[in-house]
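Here is a walk through how the chains of this assembly meet, with a look at one chain on its own along the way. Have the structure open as you read.

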Amino acid sequence: MEGLDVGLKAVGAGLAMVGAFGPGIGIGLMVQGAMQGIARNPDAAGAIQTNMILGIVFAEAVAIYALVVALVVLFVL
Amino acid sequence: MEGLDVGLKAVGAGLAMVGAFGPGIGIGLMVQGAMQGIARNPDAAGAIQTNMILGIVFAEAVAIYALVVALVVLFVL
Amino acid sequence: MEGLDVGLKAVGAGLAMVGAFGPGIGIGLMVQGAMQGIARNPDAAGAIQTNMILGIVFAEAVAIYALVVALVVLFVL
């Protein structure tokens, strides 16, 4: 049963990337809120944009954690 | 049981792409907010469009992480 | 147990397409927002349509990533 470990590594990396769907939804929710906020009060667009980018960075970091684990599973393990 | 590793790679790549449904929903949510914002305040359409595209880029990046892992599983592993 | 790898490829391609339901919901959400926006403010219909199509293109791209992985699993692997 040679090669089974390689196949299971592939399954593990795939499972890790399932975790990327949360940040995808989360970024959508925060930008949705920012868009509605800018529409309601365009004068606050600068502050909204700054905080939106701050939030995106942290959510993106979660997706990058999943990516890092997937790549470690594939190349380091 | 030769070929089992190839089959499991296929399963792994498929699992990685499951992670793509989050960005899909997320892009929908943020564009939904942008559409409602532009309708409420068309004068802010410029700022809303800029930030919408910024958000889409980050969400798309999450989908591309999943795609990269899937392609690495298929062709590099 | 010959043919197991072929069966697992089928499972992998099927799993990849599970990722397509996110873009499906996402496109629905953004068009929902656009419809409500045009109803609220028909004068903004032009700007809303432009941005709606822009958003659809990015969400559709996510679905196409899943399709590409599924086809690669089936025919290239």
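## Where chain C meets chain B

Chain C brings 43 residues to its contact with chain B, and chain B brings 39 (contact means heavy atoms within 4.5 Å). Keep in mind that this is a predicted model, where local features need pLDDT of at least 70 and side-chain atom pairs count only at pLDDT 80 or more, while totals for chains, interfaces and linings use all residues. As for bookkeeping, residues are numbered from 1 along each chain as its sequence is written, chains are lettered from A and ligands numbered from 1 in the order in which they are written, and side-chain values use heavy atoms, with hydrogens and water left out.

The size of an interface is often quoted as the accessible area lost when the parts come together. For chain C and chain B the buried area comes to about 3400 Å², with 80% from carbon and sulfur atoms; that is the accessible area (1.4 Å probe) that two parts lose on being put together, summed over both. Asn51(C), Tyr65(C) and Leu77(C) account for 17% of what chain C buries against chain B, more than any other three residues.

## Which parts of chain C do the touching

Three helices of chain C, H1 (4-18), H2 (21-40) and H3 (45-75), each give at least two residues to the side that touches chain B. Helices here are DSSP runs (H or I, at least four residues), as strands are (E, at least two), numbered from the N terminus. H3(C) gives the largest share of that side, with 15 residues.

By type, the side of chain C that touches chain B splits into 29 nonpolar, eleven polar and three charged residues. In this count Ala, Val, Leu, Ile, Met, Phe, Trp, Tyr, Cys and Pro are nonpolar, Asp, Glu, Lys and Arg are charged, and the others, Gly among them, are polar.

How many salt bridges are there between chain C and chain B? The count is zero, taking a salt bridge as a side-chain nitrogen of Lys or Arg within 4 Å of a carboxyl oxygen of Asp or Glu. Seven residue pairs are in polar contact across this interface, both partners at pLDDT 80 or more. A polar contact is a pair of N or O atoms within 3.5 Å; within protein, one must be able to donate a hydrogen and the other to accept it, and residues adjacent in sequence count only if both atoms are side-chain atoms.

The buried area is about 3400 Å², with carbon and sulfur atoms giving 80%. Asn51(B), Tyr65(B) and Leu77(B) supply 17% of the area that chain B buries against chain A, more than any other three residues.

Between chain B and chain A there are zero salt bridges, along with six residue pairs in polar contact (both at pLDDT 80 or more).

## A ring pair across two chains

The whole structure has two aromatic pairs over all chains; rings of Phe, Tyr and Trp (its six-membered ring) pair if their centres lie within 6.5 Å, and planes under 30 degrees apart count as stacked, over 60 as edge-to-face and the rest as tilted. One of them is the stacked pair of Phe21(A) and Phe21(B), at 4.4 Å centre to centre and 25 degrees between the planes. Phe21(A) sits in helix H2 of chain A and Phe21(B) in helix H2 of chain B, so the pair joins two chains.

## Chain A in the UniProt record

An unreviewed UniProt entry lists "transmembrane region" for residues 6-31 and 52-76 of chain A. UniProt positions follow the numbering used here, feature names are shortened, and annotations may be inferred rather than shown by experiment. Residues 6-31 of chain A are 92% helix, with end C-alpha atoms 39 Å apart.
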